[in-house]
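Please look through the sequence and the structure below, and keep both in view while reading the paragraphs that follow.

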Amino acid sequence: MKRCPSCNRTYTDVSLNFCLEDGTPLVSDVPNQDPAATVRYPPVRDTVEPPPTEIYRPESADRGRPNPPPQAWTPVQQPQAWTPPRPQAPPRKKSNAVWWILGGVVLVGIIGIGLLVVVVLLASIGSQLNANDSNSNSNARVANANTNTATNSRNTNSSNSNASTSTASLTDDFSEQKWGTGSSKFGDIWYADGEYHMRSKKDTYLVMYAPNDDYKTGNATVKVTARSVDGTSPSNGFGLIVNGEQSKTKGLQDYALLIYPSEQAAFEVITHKDGGQMAIVPKTLSRVIRSGTNPNQLEVRIKGADLSFYANGQYLTRITDASNFRNGLAGFYTSDTSEVAFDDLEIKR
């Protein structure tokens with residue numbers, strides 16, 4: 001056992017040479033003990049130096065908070081200056097003569113009104129006699145006017161009928177930009193040289209419907225001129241769409257006459273229903289279809305549910321509208337990367 005001579009602290013660890021409290025060299029403290037006596041050792045004390053005391057300083061409640069933004073200064077509106085009203089002079093007292101004058105004016109007015117009533121009565125009696133004499137002539141004129149009005153009404157209705165017939169048809173030579181244009185993930189559409197051009201992306205097809213209801217195709221004959229710009233044929237054809245519209249789920253619904261102007265020219269009739277494409281008349285070879293860059297006039301004649309398809313004035317095939325797509329629009333279709341152009345659209349009802 002070792003002991004600190006300064007603080008009298010004892011240590012049982014014989015390997016220590018200095019006091020852990022004040023650093024004083026330790027001395028051996030071995031008392032004379034009776035070998036037979038029972039030695040009681042004090043409890044072992046923790047010789048590890050306690051950690052230094054830390055003083056806790058709480059941060060201010062406002063520390064870390066953002067300073068509030070300065071408030072905008074609003075000038076105080078100055079009160080309007082008040083100007084006291086000018087004192088008015090006391091009203092002058094009216095003399096009694098004014099009342100006599102007013103009474104005289106009223107009396108003269110009453111007499112004048114009475115005379116005017118008498119004159120009006122005499123004049124009305126005379127005009128009544130003249131009116132009776134002229135009634136017969138007036139009735140005759142009214143009868144003639146009614147006859148002329150009826151005649152004019154028939155002529156007006158006839159002219160309206162002719163006007164309705166003339167406005168029922170529609171032509172679009174694509175000299176004005178009415179249809180949609182732009183680029184998308186499905187392809188490109190633009191106007192050029194008085195034609196409507198379309199080019200689809202690779203392994204896709206592109207459909208464009210007409211811009212408004214003036215292009216509806218129900219019970220109409222629809223014609224358009226279509227050509228391949230570079231003479232190649234799109235992999236899935238291109239052509240004219242009729243009865244085109246979107247379903248409630250925004251899917252395509254229509255019928256289309258497609259052509260393939262290759263060396264072995266062919267045509268095909270397809271339909272879109274809820275966005276899906278299906279061939280109604282499969283790809284069929286035809287000498288009627290002109291190959292290369294030669295333009296082809298495509299035509300669809302619609303009567304109710306009956307659709308007849310023509311190319312360059314020659315009959316190709318017919319189908320029945322089993323899906324009841326009868327309120328749709330005209331439109332155009334192309335596929336793959338070949339550039340095609342459309343011109344001279346005509347809709348006759």
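A polar contact is a pair of N or O atoms within 3.5 Å, where, within protein, one atom must be able to donate a hydrogen and the other to accept it. In this predicted model, such a contact joins the side chain of Glu339 to the side chain of His197, at 2.8 Å. Glu339 itself sits in the loop that runs between strand E17 (329-335) and E18. When its neighbours within four places in sequence are left aside, Glu339 is in contact with Trp190, His197, Met198, Arg199, Ser228, Val229 and Asp230.

The largest nonpolar core has 42 residues, and the members that touch the most others are Trp179, Tyr196, Met198 and Phe332. Strand E18, which covers residues 340-348, gives the most to this core, contributing 4 residues.

A last stop is Ala311, which belongs to strand E15 (residues 306-311). Is Ala311 buried or exposed? Ala311 counts as buried because its relative accessibility is 0%, and the cut-off for buried is under 20%. With residues up to four places away in sequence not counted, Ala311 touches Val288, Ile289, Gln297, Leu298 and Leu316.

Terms used: Residues are numbered from 1 along each chain as its sequence is written. This is a predicted model: local features need pLDDT of at least 70, side-chain atom pairs count only at pLDDT 80 or more; totals for chains, interfaces and linings use all residues. Side-chain values use heavy atoms; hydrogens and water are left out. A nonpolar core is a set of buried Ala, Val, Leu, Ile, Met, Phe, Trp, Tyr and Cys residues joined through side-chain atoms within 4.5 Å. Buried means under 20% relative accessible area, exposed over 50%, partly exposed in between (1.4 Å probe, protein chains only). Helices (H or I, at least four residues) and strands (E, at least two) are DSSP runs, numbered from the N terminus. Contact means heavy atoms within 4.5 Å.
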